[in-house]
Amino acid sequence: MTRKYAQFEKDITRAIANLSGQQLPNCLPIWMRNIGINPGAVIIGATDIGPHDHKNKTDILVNLDHSGPLKISVKMQNADYMGNWYTHARIVEEFGQNIFDKITKEVTDWSNRIAHDSSWENKPFVGVSISFGKRSCNTGIPLQQIFSEDECNKIVVAMGAGIGSDDSVANSLYASDIIPNNVGHLISSLEEMNYDNIVKFTGDFMLILRPVNPMTEGSNRYKNVFSQFVPNQPLSTQTTVTTMSKLNTLGSFKKVVNDGLNHNHILNNLEHKNIIVPRKQK
């Protein structure tokens, strides 16, 4: 979170807290009533809970008298929202096995293509991790190319709102760069948490492919991979590999299963087969 964004979030929280004791309008949007916000409910207070836990999709929790809470996700205009470094377990838990299977197939197809691109020659990788969000280079694939409309909607809404129903799961978007100065302004600045409203801020979501070069990266080697390099056969003597073209002569990328495999696991397996890809040391 940037300093500017953090301050903006704090300023909105303070502005809403200053409205404590005031009533919401008696006429609320249908979507707001559908999430349990009662017309005329009194604002009790507002808390900036976003920084307390990285899992929080709710930035500002607004408690209301005789009503469910407003759980607001703050998005400044042109926000670049991302779901970062997804694990196997999280993909299956939040989206299901079918989406996991589609991801590992897509990532594996991409890996076998990009492995022969000369721009990766000196950046050998043995696995590819994933994120979701914006991407302008060839390491991003539009969700619509991989998933059905319903699956795209499920993924994007989960990115914006979270999964479940507790206070960490957002139920509304603050859709303005202006701090609210009254209750009417607050209500008019909120939008429903749905696919169209989320992508209005973020732009089209993409599956982001994140190859990890073990020679230059350390901590990221512990991230789960969604494609793995598998050698054709063990080598008879230890062979050090520092280029992608050399690695390509020894095998190819294959799909993974939901077992928590990471880059270090693959490197260890390769070393057992006498294929040594040097690792960055601490």
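This is a predicted model: local features need pLDDT of at least 70, side-chain atom pairs count only at pLDDT 80 or more; totals for chains, interfaces and linings use all residues.
Local features require pLDDT of at least 70 and side-chain atom pairs count only at pLDDT 80 or more, whereas totals for chains, interfaces and linings use all residues. Residues are numbered from 1 along each chain as its sequence is written, and side-chain values use heavy atoms, with hydrogens and water left out.

**Exercise 1.** Classify the pair formed by tyrosine 86 and phenylalanine 95.

*Solution.* Step 1: rings of Phe, Tyr and Trp (its six-membered ring) pair if their centres lie within 6.5 Å; planes under 30 degrees apart count as stacked, over 60 as edge-to-face and the rest as tilted. By this rule there are eight aromatic pairs. Step 2: the centres of tyrosine 86 and phenylalanine 95 are 6.2 Å apart and the planes stand at 25°, so this pair is stacked.

**Exercise 2.** Determine whether tyrosine 86 is buried or exposed.

*Solution.* Step 1: buried means under 20% relative accessible area, exposed over 50%, and partly exposed in between (1.4 Å probe, protein chains only). Step 2: tyrosine 86 has 1% relative accessibility and therefore counts as buried. Phenylalanine 95, at 5%, is buried.

**Exercise 3.** Describe the pair of phenylalanine 125 and phenylalanine 253.

*Solution.* Step 1: the centres lie 5.1 Å apart with 25° between the planes, and the pair is stacked. Step 2: phenylalanine 125 is in the loop between helix H4 (97-114) and strand S4 (128-133), and phenylalanine 253 in strand S11 (residues 251-254), so the pair ties together parts 128 residues apart in sequence. Here helices (H or I, at least four residues) and strands (E, at least two) are DSSP runs, numbered from the N terminus. Step 3: both phenylalanine 125 and phenylalanine 253 are buried.
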